Amino acid sequence: VNLKRPCPFWADDGHCSIKDCHVEPCPESKIPVGIKAGSSNKYSKAANNSKELEDCEQANKLGAVNSTLSNQSKEAFIDWARYDDSQDHFCELDDERSPDAQYVDLLLNPERYTGYKGPSAWRVWNSIYEENCFKPRSVYRPLNPLAPSRGGDDGESFYTWLEGLCLEKRVFYKLISGLHASINLHLCANYLLEETWGKPRWGPNVKEFTRRFDPVETKGEGPRRLKNLYFLYLIELRALSKVAPYFERSVVDLYTGNGHEDAESKALLLDIFRDTKSFHMHFDEKSMFAGDKKGAKSLK
C-alpha cells in the first residue's frame, strides 16, 4: 500500500492524533518470497519454482500461437478498452512496484482505536454509505452528526425509506452497516486506556461500547447495528462454505516460501471449512435476484 498518496476525495492532512495510531510497515527482508510483487500467479508454488518456469517457457515456445492481429481486431480491442475505461472501477489498487509502496503486516497493525474521530471519521463513513447504499442524499442515517436537525426524528424516516427498497438493496445496506459495527467493536475491545512512561495500555472500553451500542444511548440504533453484524457473519459463513471445495483439493497448496507455515495454514483453513459444514442455517443467496429480471441484471 502507498501510504504517501494524497486522499483523492478531499483535502486531508492525514495526521494521527496519537502516536500509536500510525501504520507500522513490514521490512522488505521479512516479506515471504511467495507474496512479493512479481508473477501474476505469485501465490502458487509453481510460480516460484525456477525449474518449472523454465519448462513452462520451453513448452510455450514449442506450442507458440500466431499472435498477429488484423486491423479490424485491433480496432475492436480499442473499443473494448474505451468501454472498460468508461466504467466505474470498484477499487483502485496501488502499484506494488512503486518506490513509495510498503508492505504492511496486519499482525503488527491490529484493528484498534487509533484516535481518528470526529467530523473527519464521520465524513469517511458518510461517503461509504452515500456511494454504496443506493441512498439519496436527502435521506440521513440515524445519529449522523453531519445531518441537518430533524427535530424528534430518531431514524423513523430512514427506516421507512429502507423498508421501501428491494431485498437486494436492503441486504447490501445491512452488510455495510455490519462491517461498520465490526470495526467499531474492534475499537472498543482494543482501546488505548492509558499511556504511562511511553508504554501504552490497551484493553476493552465498556464506556465506549455503551456509547456506540447501548439501546438507550443510541436511541435503539445500537441493537440494529449488532444484528447487522451477525448478518454479515452469516454471509461470510456462506462464502466460506462455497469456496471450501476448491481449497479442499489436495492439489491446492498455500505458498509463501515457508513450507512448515504453509502446511500449518492449510490445515487451519481446512479446520475452518469443517466448522462451516457443521452449520446448517446458511444464507440462501438463491432468494436474491430472482424477481424482476431487468432490475436484477442492473443490480448485478
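Predicted model: local features only at pLDDT ≥ 70, side-chain atom pairs only at ≥ 80, totals over all residues.
User: OK, which residues of α3 are buried?
Analyst: Ala121, Trp125, Asn126, Ser127, Tyr129 and Glu130. The buried residues of α3 pack against α5, residues 167-189.

User: And how far does α3 reach, first C-alpha to last?
Analyst: α3 covers residues 119-132, and its 14 residues reach 20 Å, close to the 20 Å expected at 1.5 Å a residue.

User: What follows α3?
Analyst: Phe134 does, with a positive phi near 55 degrees.

User: Switching to the core. Which residues are in the largest nonpolar one?
Analyst: There are 11, among them Trp125, Tyr129, Cys133, Tyr173 and Ile176. α3, α4 (156-163) and α5 are the elements that give two or more residues to this core. The largest share is four residues, from α4.

User: What does Ile176 touch?
Analyst: Leaving out residues up to four places away in sequence, Ile176 touches Ile128, Tyr129 and Cys133.

User: Next, α5 and α6. What angle do they pack at?
Analyst: About 160 degrees, with the axes of α5 and α6 9 Å apart. Angles over 145 degrees count as roughly antiparallel, so α5 and α6 are roughly antiparallel to each other.

User: Which residues meet there?
Analyst: From α5, Ala181, Asn184, Leu185, Leu187 and Cys188; from α6, which spans residues 206-213, Glu208, Phe209, Arg212 and Phe213. By class, the contact of α5 with α6 has six nonpolar, one polar and two charged residues.

Conventions. Residues numbered from 1 in each chain as written. Heavy atoms only, no water. Expected span 1.5 Å × (residues − 1). Buried < 20%, exposed > 50% of the residue type's maximum accessible area, 1.4 Å probe, protein only. Contact = heavy atoms within 4.5 Å. Axes fitted to C-alpha atoms, helices over the stretch in contact; angles between N-to-C directions. Parallel < 35°, antiparallel > 145°, perpendicular 65-115°, else oblique. Nonpolar A, V, L, I, M, F, W, Y, C, P; charged D, E, K, R; others polar. Core = buried A, V, L, I, M, F, W, Y, C linked by side-chain atoms within 4.5 Å.
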